[in-house]
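Please open the model in your viewer and keep the selection tool at hand.

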Amino acid sequence: MRSRRRKPDKTAAANRPPAQPNSLFGEILDWMLAPLLFLWPISIIVTHNVADNLANQPYDRAMADSVRALGRLVSVEDGNIVVHFPAPPRALFRADQDDTVYYQVANGSGEVVTGDREISWVAPPATVVAEEVLYRDDVIHGEEVRVAYQYLRAWPEPASPLVLVQVAETRNKRSDLASRVVTGVLLPQFAIIPIAVVLVWVGLTRGIAPLNRLQSLIRRRRPTDLSPIAAASVPEEVRPVIVAFNDMMARLEENLHAQQRFIADAAHQMRTPLTGLKMQTDLALLETDPEQLRESLQRIADSTDRASHLITQLLSLARAEASFEKLYAVEQVDLDAMVRDVALELYPRAQVKGIDLGVEDAGRPLPIEGNPVLLRELIKNLLDNAIKYTPPGGRVTARTRVAGAIVLEIEDTGTGIPEADRERVFERFYRVLGSGVDGSGLGLPIVREIAELHRATVTLNPNPTGPGTTAQVLFPRGPLVTPPAQPFLPSFSVT
C-alpha cells in the first residue's frame, strides 16, 4: 500500500459536569425573601437614627430657649460680668424629674462666672452671630449630655469681650422618646415580616399553578399522543419552552415515521436473502450428486454472506441514527491516523482484488472533534464502497488535506455514478442499476448520518483524473458543538 507514515495524535476531551437541578419556586422565594431579611436590620438602624433626631428636635428647642433666657440675664457692671437671677438658679434649671440640667456662664477665656464647672469650655467660633445657639454632645460625671451654648458680646461694639452661656441636659427623656418611636415602628414590622413571607409563599404558589397544570396535562397524555400543546393556553414566560417542546415532538414524530418506514424496508430487504437461502437449502436437501451439492452449499454460503453484510449495515445505520448521546464520548482524534488504520485493515481485500490502495496524508496531524467509533465506520464504508465498485487493476486513494475545512477524499477509478443518481444513492436501499455489484444500499446512507452528527458535509463528484468517483467529506475546524438532542431511535437485531 502506498503511503506516508505518521504517528497519530489522540487527546481525550474533558467531560463536562452535568448541570445541577434547581427549583424555580425556591429560586424566586430566595431572591424575594433574602433581600427582605437583609434590609430588616438596616431598617432598624435607620429607624433608630431617625428617632434620635426626632427626639432631639423638641428638647433642643427648649434648651435653646433656656440659653437665650439665661443670656438675657447677663450684664456687665464695672467691667465685670454679672448674672441677675429673678429666682434661685436651682429652681430654674434643676426642676426636671427625669434629667439633670446644668448651666454655666463664663467669659471668653474660659473662666466660670457662675454655674456648674462640670460643663467643659469650648472655643468661640471665628464669627459670632447674634442669637445663634449651637449644640454639641458631651459627657458629665460619666453620663451623656446634650449641650446648648451661645456666645454673646458684653456690649454691642465688635471688640467687646465675649460671654459664653451654656445649658446642658442629660439624655433620659430623649432616649425614652426615641425608644417609644422605635418600638412603635418596629413592633408592626415583627407582624408584617411573617405575613409578608406567607403572602409571598401564597403568591408564588398561585403564580406557578399554570406550570403544575401544564405538568398534569403532559403527564395525562397517552404515550402515542405526539400532538402539539396549544401555546396560547400557557403563560407567556413558558411559551418559548412549549414552542420548543412542540418542535421536538414534531421531529420525534417524523423520526418515528421514518423508523417505521425503515423497519418496513429492512424487513422487505431481509426477506429476499432469507427466501433465497431457504430455497437453496431445500434444493441442497434434495440433491444427491456431490458436485451439485457442493455448488448448492456454495450458493448458501454466498447468500449467508449477503444476509450477514445486510444485517451489519442495518445495525450500523441504527447506531448512526441514535441520539448524539449514543456517540459515547466525543474525543479529539487524528483523522490522518484513522484513515491510515482503516486503509491497513481493508488492504488485504484490495490486494485480493488487485486494486492499488493508497493513502495521501496532509503531512501533519489533522485533529477533529468526534466519536472515533462512528468516524471509523464512516471511513470504512467509503473505502469499502470504493474497493467494491472499482474493477480489478484499478486504484483507490484515501486523501486528507486542509482547505479551510479539514477534507477527507476517497477517490476511485470505478464505474462512476451518473449525475442523476449522486443524490439518490444516499437514500436507504437505493442501488445504481447496471453496476454489476451486489450491495445492501446502506453504506452511503450510513456515511451521511455520521457526517451530519459531526456537522460535516459529504458529496459525490466525478474523478477529475478519469473514470470513477471522488467522495468528499468536509469536517469543520474547531470544537464540536453538541447539536440539539435528537429523538432516540432504538436499534434492533435480526436473528
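**A guided selection**

Helices (H or I, at least four residues) and strands (E, at least two) are DSSP runs, numbered from the N terminus. UniProt lists residues 181-204 as "transmembrane region" in an unreviewed entry; such annotations may be inferred rather than shown by experiment.

This is a predicted model, in which local features need pLDDT of at least 70 and side-chain atom pairs count only at pLDDT 80 or more, while totals for chains, interfaces and linings use all residues. Residues are numbered from 1 along each chain as its sequence is written, and side-chain values use heavy atoms, with hydrogens and water left out.

Next, display the whole protein, which has nine helices and 14 strands. Of its 495 residues, 37% count as buried (under 20% relative accessible area, 1.4 Å probe, protein chains only).

Now select strand β12, residues 405-412, and go to Asp412 within it. Asp412 is buried, with a relative accessible area of 9%. Show its surroundings: leaving aside residues up to four places away in sequence, Asp412 touches Ala386, Thr390, Arg395, Val396, Asn463, Pro467, Gly468 and Thr469 (contact means heavy atoms within 4.5 Å).

Finally, select Ile355: Ile355 and Asp412 are 57 residues apart in sequence and 9.8 Å apart in space, C-alpha to C-alpha.

Note on methods:
Buried means under 20% relative accessible area, exposed over 50%, partly exposed in between (1.4 Å probe, protein chains only).
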